[in-house]
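Try each task before you read its solution.

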Amino acid sequence: STVRDTAGLGVHATVDLAGRCRFGPDVEWTSNAEDVQVDPTRAAAFYAEVRKYWPDLPDGGLVPDYAGVRPKVSGRGEPSADFVLSGPSEHGVAGLVHLFGIESPGLTASLALARLCVESLDRESVR
């Protein structure tokens with residue numbers, strides 16, 4: 001389907017801090033990082049995914065909220081790659097650590113990733 005893709009885990013529900021329920025994400029491959037518009041032609045597939053766990057969702061009950069670009073380290077149709085941590089020893093910019101391709105459940109590993117970032121910066125200060 002257009003919604004479920006190997007680039008994501010499918011559509012799920014999240015209650016935000018304001019108590020609103022948000023559904024997503026949808027995955028749409030793009031080569032234009034400036035293209036952050038919600039494509040209304042994808043609504044039917046999105047509704048179908050949400051109705052798998054909310055069958056009584058009325059037509060017109062969802063409102064597009066936001067879109068963004070999620071950087072990936074593997075391309076369309078490629079197997080998922082591990083994340084990339086690029087520190088000063090890789091790119092030469094002091095005090096900067098890039099983290100690319102951290103997919104779900106990457107945030108559950110955030111403390112371990114933070115330790116790797118600190119170690120990367122510590123190696124820089126030793127030089």
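The exercises below cover a hairpin, salt bridges, aromatic rings and a pocket.

This is a predicted model, where local features need pLDDT of at least 70, side-chain atom pairs count only at pLDDT 80 or more, and totals for chains, interfaces and linings use all residues. Residues are numbered from 1 along each chain as its sequence is written, and side-chain values use heavy atoms, with hydrogens and water left out.

**Exercise 1. The hairpin**

Task: work out how E1 and E2 run and how many bridges join them.

Solution. 
- Step 1. Start with the naming: helices (H or I, at least four residues) and strands (E, at least two) are DSSP runs, numbered from the N terminus. Strand E1 covers 12–15 and strand E2 covers 21–24.
- Step 2. Two strands pair if DSSP finds at least two bridges between them. Here E1 and E2 run antiparallel, joined by four bridges.
- Step 3. Now look at the turn. Five residues lie between the two strands of this hairpin, and glycine 19 in the turn has a positive phi of about 85°.
- Step 4. Continue past E2. The peptide bond from glycine 24 to proline 25 is cis, with omega near 0°, and proline 25 belongs to the loop between E2 and H1.

**Exercise 2. Salt bridges**

Task: find which residues form salt bridges with aspartate 16, and say whether aspartate 16 is buried or exposed.

Solution. 
- Step 1. Apply the rule: a side-chain nitrogen of Lys or Arg within 4 Å of a carboxyl oxygen of Asp or Glu. Over the whole structure, the search gives seven salt bridges.
- Step 2. Arginine 20 is one partner of aspartate 16, with the closest N and O atoms 3.2 Å apart. Arginine 22 also forms a salt bridge with aspartate 16, and there the closest N and O atoms are 2.8 Å apart.
- Step 3. Check accessibility (buried is under 20% relative accessible area, exposed over 50%, partly exposed in between, with a 1.4 Å probe and protein chains only). Aspartate 16 is buried because its relative accessibility is 18%. Arginine 20, at 48%, is partly exposed, as is arginine 22, at 28%.
- Step 4. Turn to another bridge, between arginine 51 and aspartate 59, whose closest N and O atoms are 2.6 Å apart. Arginine 51 is partly exposed at 25%, whereas aspartate 59 is exposed at 66%.
- Step 5. Follow the shared partners: they join Asp16, Arg20, Arg22 and Asp65 into one network.

**Exercise 3. Aromatic rings**

Solution. 
- Step 1. Rings of Phe, Tyr and Trp (its six-membered ring) pair if their centres lie within 6.5 Å; planes under 30 degrees apart are stacked, over 60 edge-to-face and the rest tilted. This rule gives two aromatic pairs.
- Step 2. Phenylalanine 23 and tyrosine 53 are 6.1 Å apart centre to centre with 35° between the planes, a tilted pair. Because phenylalanine 23 lies in strand E2 and tyrosine 53 in the loop between H1 and strand E3 (84–86), the pair ties together parts 30 residues apart in sequence.
- Step 3. Phenylalanine 23 and tryptophan 54 have ring centres 5.9 Å apart and planes at 25°, so this pair is stacked. Tryptophan 54 lies in the loop between H1 and E3, so its pair with phenylalanine 23 in E2 ties together parts 31 residues apart in sequence.
- Step 4. Tyrosine 53 is partly exposed at 38%, and tryptophan 54 is partly exposed at 36%.

**Exercise 4. The largest pocket**

Task: find which element gives the most to the lining of the largest pocket.

Solution. 
- Step 1. On a 1 Å grid over the protein atoms alone, a pocket is an open set of points where a 1.4 Å probe fits, with protein on both sides within 12 Å along at least five of seven lines; lining residues have an atom within 4 Å of a point.
- Step 2. The largest pocket has a volume of about 1700 Å³, taken as the space filled by probe spheres set on the points, which are joined across faces, edges and corners. Of its 43 lining residues, the closest to the centre are Gly24, Pro25, Asp26, Val27 and Tyr66.
- Step 3. E1, E2 and helix H1 (43–50) are the elements that give two or more residues to the lining. E2 gives the most, with four residues.
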